[in-house]
Amino acid sequence: MDQFDDELREIKREIVESRGLIIKTNNLTNALAADLKTISKRQLGFERRAFWNSASANLLFVLVVIGVVKLAWDARIDSVQAETKQAKDKITKLETDVKEMQRRADDRTRAESAAAAFYELVRAGRRQEIIDGFEALRKEPLSRAELAFFTDAVDTARAELGIKSYQLGLDHLRTGRWHEAAVAFEDAIRMKENAAHTPSARLNLARAYRKLNRQRDAIPMLMQLSEASADKEITDDAMFLLCECLVDIQAWNDAKTTLRAFIRRFPDSPFLNDARMELADISLKH
């Protein structure tokens, strides 16, 4: 009986222990389930964050790639546009050069035609036409040799026409046709102002002016000839003629001063006695 009681107590103890174990197991199971649920929530949150992070990273990567591609594309477009612009500019320059070359060729052709026509005038000795046509010809694109040749031809034509006008003026002067003489001497001077006959032409023009009562036109030329002429005979004649013109216009003080200078400068002049007599007469009367 006692043994049976012991066994029964043992069984009860084991049952109590089993219930305690069951309760502990349930508690552990519940705790584990709670832990699993917490872990599951954390895992879901992590996965969600990982997803959004990954999506953001992918989006950022895509944006970066797009930006890099756009920059590269823009750079390529700029490069192509620059190359295109350079090509267009080069084509425009070449077209301009071609037009300029064509224009120069046309100008040169026209200049050659004009030079050939002008040369025919030179060969024919048509002096006045040579002089009249040279101003238009020199505007053409002539070579240096052509321009020098035609310039010499014009100078020669001017000199020849100047001599012709000068000789014609002398003829008019000898016959007393003062107006025609003045016109001829003016033409001679205008044709070539630095010719050898120009000082004589100026002196004779002054003589014609005096005969035409144009002493005031003659005086400036005579003053220049009497001061700057290299020809002593012309200087002598010019200064005495200047004295006569001053007397004609009754510029007594200037006339006396000029006569004194004439007597002092040209003691061997054939007009010396006339100058002395004129000075004495003016000094007595004025």
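The model is predicted: local features need pLDDT of at least 70, side-chain atom pairs count only at pLDDT 80 or more, and totals for chains, interfaces and linings use all residues. Residues are numbered from 1 along each chain as its sequence is written, and side-chain values use heavy atoms, with hydrogens and water left out. The structure holds eleven salt bridges, a salt bridge being a side-chain nitrogen of Lys or Arg within 4 Å of a carboxyl oxygen of Asp or Glu. Helices are DSSP runs (H or I, at least four residues), numbered from the N terminus.

- K85 and D89 form a salt bridge in which the closest N and O atoms are 3.1 Å apart.
- Both K85 and D89 belong to helix α1 (residues 2–124), where they stand four residues apart, about one turn of the helix.
- K85 is exposed, with a relative accessible area of 52%, while D89 is partly exposed at 40%; buried means under 20% relative accessible area, exposed over 50%, and partly exposed in between (1.4 Å probe, protein chains only).
- A further salt bridge joins E100 to R104, with 3.2 Å between the closest N and O atoms.
- E100 and R104 are separated by about one helical turn because they are four residues apart in helix α1.
- E100 is partly exposed, with a relative accessible area of 29%, whereas R104 is exposed at 55%.
- E100 and R104 also belong, together with R103, to a network of salt bridges.

**A salt bridge between two helices**

- The side chains of R210 and E244 form a salt bridge with an N to O distance of 3.1 Å.
- This pair links distant parts of the chain, since R210 lies in helix α5 (residues 198–211) and E244 in helix α7 (residues 232–248), 34 residues apart.
- R210 is partly exposed at 25% relative accessibility, and E244 is partly exposed at 26%.

**Packing of α3 against α4**

- Two packed helices are described by the angle between their axes and the distance between the axes.
- The axes of α3 and α4 come within 8 Å and cross at roughly 160°; axes are lines fitted to C-alpha atoms, for helices over the stretch in contact, and angles run from 0 to 180 degrees between N-to-C directions.
- α3 and α4 are therefore roughly antiparallel to each other, a description used for angles over 145 degrees.
- The crossing of α3 and α4 is left-handed, meaning that the near helix is turned anticlockwise from the far one by less than a right angle.
- Among the residues that meet here are L161, S165 and L168 in α3, and W178, A184 and F185 in α4; contact means heavy atoms within 4.5 Å.
- The contact of α3 with α4 comprises eleven nonpolar, four polar and four charged residues, where Ala, Val, Leu, Ile, Met, Phe, Trp, Tyr, Cys and Pro count as nonpolar, Asp, Glu, Lys and Arg as charged, and the others, Gly among them, as polar.

**Packing of α4 against α5**

- Helix α4 (residues 178–191) and α5 have axes that come within 9 Å and cross at roughly 150°.
- That angle makes α4 roughly antiparallel to α5.
- The crossing of α4 and α5 is left-handed.
- The residues that meet include A181, F185 and I189 in α4, and A201, L205 and Y209 in α5.
- By class, the contact of α4 with α5 has ten nonpolar, two polar and three charged residues.

**Two buried residues**

- S165 lies in helix α3 (residues 144–174) and is buried, at 15% relative accessibility.
- Apart from its neighbours within four places in sequence, S165 is in contact with A184, D187 and A188.
- D236 is found in helix α7 and is buried, with a relative accessible area of 9%.
- Apart from its neighbours within four places in sequence, D236 is in contact with F262, F266, S269, P270 and F271.

**Positive phi angles in loops**

- Most residues other than glycine have a negative phi.
- N213, which is not a glycine, has a positive phi near 60°.
- N213 is placed in the loop between α5 and α6 (215–228) and is exposed at 64% relative accessibility.
- Q250 is likewise not a glycine and has a positive phi of about 65°.
- Q250 lies in the loop between α7 and α8 (252–265) and is exposed at 54% relative accessibility.

Note on methods:
Parallel < 35°, antiparallel > 145°, perpendicular 65-115°, else oblique.
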